[in-house]
Amino acid sequence: MKLIVFSGLPGTGKSTLAESVGKQQRVPVFAKDWLEANLLSNGLVPTITEKPLGFASYDLLTTLAERQLMLGQSVILDSVASTETIRDAWRQISKQYGADWRVIECVCSDQPMHRARLVRRKRNIPGWHELTWSDVEKVKQYYAVWEEDHLILDMVNPFEENL
């Protein structure tokens, strides 16, 4: 049983890779963007003065992961996972249920390629907006470096090679 986290800045290819691995390994993939889009579609409004909507999305993602682990099943989480707080919560449930903890960080070392991918991507998530390069720049400001051993995949390499 494994808890596998696909992390990285928006537009690096982590969702595409996570979904392919999930299909190949027959492991459910839960993505933060899908959960947050659903909350938005149901009328929840992001606020500045209260907890941002992203917190609720991460709480839901954590609950789904924990539920899978309770059932003795592996799970893949697809998320930027930018803060130590969320990473610590996931490490804890992995440890609690005896799941192997695996982190795969997707990066794109070629900035023009990264920007171009972001511009042309269409994820078709109902109720979700496509992110812009300014969103990526914003996330970079608070994206914590992964201090532990983990797999880093440079998504400038061919997809099949990374897969």
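Helices (H or I, at least four residues) and strands (E, at least two) are DSSP runs, numbered from the N terminus. This is a predicted model, in which local features need pLDDT of at least 70 and side-chain atom pairs count only at pLDDT 80 or more, while totals for chains, interfaces and linings use all residues. Residues are numbered from 1 along each chain as its sequence is written, and side-chain values use heavy atoms, with hydrogens and water left out.

**Positive phi angles**

- R26, found in the loop between α1 and β2 (29-31), is a residue other than glycine with a positive phi, near 60 degrees.
- A81 is buried (under 20% relative accessible area), with a value of 0%.

**The second largest pocket**

- A pocket is an open set of points on a 1 Å grid over the protein atoms alone, where a 1.4 Å probe fits, with protein on both sides within 12 Å along at least five of seven lines; lining residues have an atom within 4 Å of a point.
- The second largest pocket is lined by K2, I4, V21, Q25, V27, S74, R102, V103, I104 and L151.
- Two or more residues of this lining come from each of β1 (2-7), α1 (14-25) and β4 (100-107), and β4 gives the largest share, three residues.

Conventions
Buried means under 20% relative accessible area, exposed over 50%, partly exposed in between (1.4 Å probe, protein chains only).
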